[in-house]
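These are my notebook entries on a structure I went through element by element. The sequence and coordinates come before the entries.

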Amino acid sequence: MAFLRKTRKVAGVLASFIHVDAAADAVTALKARGHKNFVVYMAAPSHEIEEALDQRVSPVRLFTLIGGLTGCAAGFGMTIWMSYDWPTLVGGKPIASIPPYVVIGFELTILLGALSTVAAVALFSVLMGKRGIAYDPKFSDDQIGIFVPASPDQIAPTEQLLKAAGAVEVRHEVA
Amino acid sequence: MRTLAIVLGAVCAGGLVAVLVLGGSRSAAQTTKPVADSVRAAVITDTTSLSGPRQPIFFRHDIHAGQFKIPCQYCHYSVAVSSEPGIPSIQTCMGCHLAIAGSDSSAKTEIKKVRQAWSEKKPVEWVRVHYLARHAHFPHMRHIKVMGPNACATCHGDVSRMPQVFRVNNVNHMGFCISCHVERKVSRDCSVCHY
Amino acid sequence: MAAVTHPSAAPTHEITQTHAEVTRDVVRTLETASRGYVILLLSAVALFLVGLTTFGVLVKDGLGHAGYNPPVFWSVYITTFVFWVGIGHAGTLISAILFLFRSPWRTAVYRSTEAMTVFAVMTAGLFPIIHIGRQWIFYWLLPYPNQRFLWPNFKSPLIWDVFAISTYLTVSTTFLCFGLVPDIAAVRDKVTGWRKTVYGLTSVGWRGTDNQWRHYSRAYLYLAALATPLVLSVHSVVSWDFAVSIVPGWHGTIFAPYFVAGAIYSGIGMVLTLIIPLRRALRVEHMITEYHFDNLAKLTLLTGSILFYAYMMEYFVAWYSGSTFEQTTFYRRAFGPMWWAGWTMIICNAFVSQLLWFRKIRVNLTALFTISIFINIGMWFERYVIIVSSLSNDYMPWAWSQLNPTWADWGILIGSFGWFGMWFLLFAKNFPIVAIQEIKEMIPMPRKRGGHH
Amino acid sequence: MPDEAPSTIDRRKFLTVLGATGGGALALSGCSTDKVERLVPYLVQSEDQVPGVATWYASSCTECSTGCGVHVRTREGRAVKLEGNPEHPVNKGKLCSRGQAALQGLYNPGRIKGPMVRNPDGTFKLVTWDDAIGRLAAKVTGGKVAVISGAGAGTFSDLLAEWTTALGGRLVRWEPFGHEPFRAANKRVFGVDKLPAHDFAKARYIVSFGSDFLDTGLASIENQRGFAQSHGFAGGDVAKMVYAGPRMDLTGLNADEWLAIAPGTETALALAMASVVAGERGGAGALASVLAAHTPAAAAKETGIPAERIERIAREFAAAQPSLAVAGGIGAQHAGATELCAAVNILNYVAGNVGQTVDFAADLGSGDGYAALGELAAAIDGGQVGVLLVHDANPVYALPRTSRFADKLKKVPFKVSTSMFLDETSALCDLLLPHHHALERWDDSAPRAGVRGLMQPVMEPVFDTMAAGDVLLKVSQKAGGALARFNAPSYQAHLRAKWDALGAAQGEKDAEGFWHSALQRGGVFQAAAQAAPAAIALAADAGARYAAPAFEGQGDFVLAPYPHSLLYDGRGANKPWLLENADPVTKITWHSWVEISPETAASLDVRDGEILRIVSAHGSIEAPAYVYMGLHPGVVAVPLGLGHTAYGAFAEGRGVNALDLLGAPAGDFVSYLSTRVTLEKTGKYRKLASIAGVPRQLGRGIAEAMPLAAAKKGLTVKEAYLEEGHGEHELNTEREVVALKGWSEAQHQATKFGNYAGDHPQWGMSIDLSRCTGCQACVTACYAENNIPTVGEAEILRGRELTWMRIERYWEGGEKPGEPVSARFVPMLCQHCANAPCEPVCPVYAAYHTPDGLNGQVYNRCVGTRYCANNCPYKVRYFNWYKYNLMAWPSPLNLQLNPDVTVRARGVMEKCTFCIQRIRGAQNQARLEDRPVRDGEFTTACAQACPSDAIVFGDVNDPESRVVAAKRNARGYHVLEETNVRPAVTYLAKVLHSVEG
């Protein structure tokens, strides 16, 4: 969405890796160096790198749970309330007859559960997503990318580190 | 990702608005705007500004029912015994208007039309104001029986103040009937009206 | 590096490709359409228009044009409705359930099956509207605030349907789009010009950062977890449209599992019918291999056998119940005026599926394709038999009558295939029909230290 | 008087009034938003018409010669429903299908719109009444006048007679089914030239010799009432009925025993029985010796019925006191019909029934017979007829083509018809003076001794027609001369004068009062003086003769044409109700058919619907076959009444006319059962437009029955089965039953909310199958009351009829050759179940349960998912597949629509509502009068119409109500009880005579 975005570029170093283990090494090294907010680009999630990063479990699950529960409540609430709002007798059954309403409750559980999950992902990616950082199409293809935001004086050593880890290409982005 | 968020937001907002709007439409507001506040019905020169459909004869309920206090049932003779209120026959009009020719000029001209209709044996074709779909049966007599002979205004508005009858409530909206039935704790079983 | 696995080679999920090749091959499927594709698409649209016209006539004059013969008040439309809902299920099964089971072979096919799900359910969703007497007020089935103060009857299975189907449509669509995002991003980074813009927009700014992956993978897992019970529920609910009624031949406790199995069976049938030609058309034979077909076939065999059991049970229970109504219904189902339909269903579903015990048949695409056609026909007839033959002879002999479908029935049926085909073809040409990212996930990336980790 | 009511409004406006005053009458649909934009008031408000309130008028039915009394329900100046007049001695408040359908004659689109004259090219052009009357006046003075009129007696026919005599012309009062043989036989045997009434209520044993007395016979509605009393079960013994004839008609289907005798041999049977009875009881007098010759053995040879069986029945007949033998059926009207009637008279006499169950005092009216018509034809040939006036008769259609009556008619220089319709006869006439319909005119009828029915105009004439009486008077005034004395200002005045005279004759002082009470009561009725049995003596030359039947022509089969039970002699063929309402025996609608016996079907290899060509010496017709078990193998039967060549769009070209096969009539009557035919296969096939699915119960206990013995012991159906040694049809164990009860109680605890709280009536119905004869008067009543559209042949072929009430006819036996076959009738309508399966499946509450126990159907809420219909075990829900509301009532038929009932739109479900509009109407009235609704204050249309009072409707919560009493009956059962839907309709099992008496 480049054309939507008016954030100024972040200065830093962008390294590309062909080898997954190299990228993992780089990550470990960076963490060792105390780098926090660097970004790793992956075409597909890789266990090695995830291990190297070892992040907390995504909070998305909480949203799924809340959504699901809301849906369930809504399902039963709606059906029962609507039944008594205009009591109508059918087939000699109770005005509000729970067993059939389970279906509605269940469906809404799933529906809201799913929607809130997706909403959560969007939310987190938008909130926590870093802006103006460099990217290279290769990363969606067959290379792993690491971008380390760095102040001018930091650039050289970081480059060093990444090269040492086995980056095939390192270029630095100026603000 | 941001766009995704925007889209989702928009959808939710839209849904919310829709619900509010539909919900709002439930309450049928009852607004009768008084045309003449004195008992003496006003002389009306400009009829174009009046609300309600233009009738072939400018029959003024505000004069007949308002000023002269003629009870509704004098003309709408069957409302207490039948589901139909009864549109008065020209004969009924002529009962008085053989004698009464009208005070002012406008009245005179209108009354002439009545007499003409009578002599030509051509019934007047009134424009319908209140319409009820035919799959709903509304027994006028029961409502008059329960709510008294002057209950007409409940649905039709204060006709005695209308120079030209206009629709105050959409009596063809089921919600209008139901809210009243709920309020008065009388049956709202479907088959009371629909059969 | 050899791009194609030889048909003779033993089925395997070793993908002998690099990430780059995967991207390339998949993006290639989105290039300009071949003449064959265009012809297919146009014919699909034509069929859809046939259906549209028929619908127009129905709305104008009433349902009378369709061959309803009371007491058969539901016939071809509901049959086709259930048929399409059923088709949908295989998709979710493969994409969600097998995802939870971590079965590797789903990867290559799940995208196409998921698309099939969405479009099948989209098709099915039209039928409740088409078949009702006053189509223009179908929305009265939705619980929306109105000036009449009226709410729908949540005790009615048809309302369950409304919720089940719409939920299913929403969730499976979400699931599909969600899964598409990284792949679209991959495509975005390969194409140029206006297409780049379009894919750029549709990829909603995906870059595959560690952060995005972190939430994404989790969410995907949960979606799969939610979709799994959903898929089982949906066809159960559809089956209850019938099971909760008192019509002999409908009123069966076995219906929910029976229908779910049938749904998956028919769904896989449709998957096979679609994929076998598609993989050739899109030249992805090396990604969707015998290995996948072998597994699909096994699944077919399993569900087919469940159906076999269910059929036997139906007849057994009818006999065992001692209820003359049930007995008559099932006797007439096999030997009555509609015996031909009854046996079509049993042969196509119960018997034909048993051929898949043989591996030779499982890996022979021609055989599989033929069988899949049998399955499609058989499963349509299953619903036809259940609905029509049960209705045509229930409690009152005096009211018994037979159905004579008319052009209006076939018109809508054809139209539904057109509608489905149209969407599926459009999808296949414009979105990665094979899941790039998941395939890559399975391909070990090159390592500088060599060997495995 | 009503004819003042909207008279000053021209018709179109008049209709908008109806629209405006809001009734559903002209509504296009149950949900349409089409509005009446204009409100057109009455110019003069008539005092007896309140918009929205029904006005009732008493009148008389003219659909057949029985002359029943009717009450006409009018709304906003339109007749919308016909019901029987409870005060009328003949029909006691009941009315048959044909009578009720008179409305569709009134509003028939095929009616002649005004006076017309024939153009040279054969077409007709409208003229003014003055012109038309002038033309007739000019001709009649020329003399050589002849008149053919219907047999109906009354002031008009008297006037017509005087008028004709004054012109020195000849009058022929003729009716197709005139029962001439019966009359002749009475003359010969008893010396009384009358038709008797039969008292079936008194009879303990009834034998019908081919007489369809319950359906198409003389005064059938009276017979049904009597039959229901004697044959319906009321705790004690019930009369037994034996039917002897080659074809089981509706009466046959109600018989306890059917003697499938060879065609034309009833006489032998009757005489044999007479001789046995005479042997038992004596009293044959001079005839004893003659009768002795007619032994059962001899009869057995003729009829094919074993002698001992004849003997048995004869003894049973003699033992039962009083018994009743009936003849004079049209279906049995063969060359020897007079002998048959004579024989049956003798049988009745020797059994001592004359004066007991055979009442000559009633003196049912009848016409002059065919001979008179023959003479007239001869006169025409002789050029002695210059002007022929045809009134209320359609001889061109109703006589066999071989009588060449049409050609004769053509010879008459000037032919005038007063027919309301352009039927076969009027189509040949030069001047058409369309008559008022019975509901549009002043008139009266004298159907029998002591009964004088009055008719009054209940509404404005639909078209520019004129009462024939006024035509006669106006013509007289114009013509003057011999006619000058007919100077009454109007026929109404003439009628009034006659009635004043009648009043005076009956010793009434106050003519005005007499007139008004007559108007209110619909006439004057006094029981005719019972003629003492002595008065009727056996004539010495009664002559108990039997000649073996001789049928003309060649062929293996005897053709048995019979009157169609709804179309009768063809006069009903232009009324959609009668065409759509199925024939009670075959259940076929809208078209002709030929009945063949299963044996014939087997030998010719013919199946239902295969089109057969029936060839006689005089012509041939083609009709689809209907294989009928109630047929003697030597006979093929074809209903009369169809195959019109004119008579309006509904009738024209529909079906075939069996009369085309008959030879020229000779003697005093047309002998229908007279010719032999051959059957040829055409190889063509058509689906029968029948409303019957599978006509067997398949052991589902739909139409239950129990032996008389069991019924007398007061056993329930189940107990009766056990007694017969059938295993108990057990579905639930004790514990399950208890559990079920508990469960449903628990359920019902949870249903007392909102509208459902408090006490409500619970409407219920009971139907006594031992009284129901399957006549279908209820079905027609339902069509009339509830605006049910007729869907036509094509839709019925797809099973889409909307018969809210249908009579299911299930066969019993007859599966193996020789096994006796019988029928059971079940009126099937919405059962208004307490646990209705249709309700919970409706997604929008269009089908739901009302607080007063009805199974409500809200048309305007219905979206048409049709799930309710699938889930209805009784299959009594009907769907509007097309816009029937626009197709079924071509103007002006739509004027008949009941304003209190919504006309259903396309795409909605509909069904029996227990006439909810009547319930609400009664409740509204009660509310106005601050009182509860009284039991019997109103009832459903079907219950009201049922001639045998088989249906009782009322509030089940009212312990005093008649329906509760009926439901307590031990014979009560619910159809499909095992589905636990708890219907509100209780059926009382039919009671069977074991064949051995």
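I looked up Ala219(D) and found it in the loop between strand S10 (205-209) and helix H7 (220-231) of chain D. Helices (H or I, at least four residues) and strands (E, at least two) are DSSP runs, numbered from the N terminus. Phi of Ala219(D) is near 45 degrees, which is positive although the residue is not glycine. Ala219(D) counts as buried because its relative accessibility is 3%. I use buried for under 20% relative accessible area, exposed for over 50% and partly exposed for in between, with a 1.4 Å probe and protein chains only.

Notes on the source: this is a predicted model, in which local features need pLDDT of at least 70 and side-chain atom pairs count only at pLDDT 80 or more, while totals for chains, interfaces and linings use all residues. Residues are numbered from 1 along each chain as its sequence is written, chains are lettered from A and ligands numbered from 1 in the order in which they are written, and side-chain values use heavy atoms, with hydrogens and water left out.

Entry: another positive phi. Tyr845(D) has phi near 60 degrees, again a positive value in a residue other than glycine. Its loop runs between strand S30 (821-828) and strand S31 (847-849) of chain D. With 10% relative accessibility, Tyr845(D) counts as buried.

Entry: cis peptide bonds. I noted a cis bond from Gln321(D) to Pro322(D), with omega near -15 degrees. Pro322(D) sits in the loop between helix H12 (307-319) and strand S13 (323-326) of chain D. The bond from Ser891(D) to Pro892(D) is also cis, with omega near 0 degrees. For Pro892(D), the loop is the one between helix H29 (884-887) and strand S34 (909-911) of chain D.

Entry: Thr773(D). I found this residue in the loop between strand S28 (763-768) and helix H26 (777-785) of chain D. Thr773(D) has a relative accessible area of 2% and is therefore buried. Neighbours within four places in sequence aside, its contacts (heavy atoms within 4.5 Å) are Leu214(D), Gln224(D), Phe227(D), Leu250(D), Asn254(D), Phe825(D) and Ser948(D).

Entry: Leu992(D). Is Leu992(D) buried or partly exposed? Its relative accessibility is 30%, so Leu992(D) counts as partly exposed. The residue belongs to strand S38 (residues 990-992) of chain D. Beyond four places in sequence, Leu992(D) touches Ala705(D), Met706(D), Pro707(D), Leu708(D) and Arg824(D). I also took the C-alpha to C-alpha distance to Tyr685(D): 38 Å, at a sequence separation of 307 residues.

Entry: helix H17 of chain D. H17(D) (residues 468-479) has twelve residues and spans 16 Å from first to last C-alpha, close to the 16 Å expected at 1.5 Å a residue. The expected span is 1.5 Å times one less than the number of residues. Nine of the twelve residues are buried, which leaves H17(D) mostly covered. Among the buried ones are Asp470(D), Val471(D), Leu472(D) and Ser476(D). The buried residues pack against helix H4 (129-140), helix H5 (155-166), strand S15 (387-391) and helix H18 (491-505) of chain D. Gly480(D) follows the helix, with a positive phi near 65 degrees.

Entry: helix H5 of chain A. H5(A) (residues 152-165) has 14 residues and reaches 21 Å between its end C-alpha atoms, close to the expected 20 Å. Its buried residues include Ile155(A), Glu159(A) and Leu162(A). They pack against strand S1 (12-17), helix H1 (20-32), strand S3 (144-149) and strand S4 (169-173) of chain A. After H5(A) comes Gly166(A), with a positive phi near 115 degrees.

Entry: helix packing in chain C. Helix H3 (residues 76-100) and helix H8 (residues 255-281) of chain C pack at about 80 degrees, with axes 6 Å apart. Axes are lines fitted to C-alpha atoms, for helices over the stretch in contact, and angles run from 0 to 180 degrees between N-to-C directions. H3(C) and H8(C) are therefore roughly perpendicular, a term for angles of 65 to 115 degrees. Residues of H3(C) in this contact include Phe83(C), Trp84(C) and Leu93(C), and those of H8(C) include Phe259(C), Ile264(C) and Met270(C).

Terms used:
Parallel < 35°, antiparallel > 145°, perpendicular 65-115°, else oblique.
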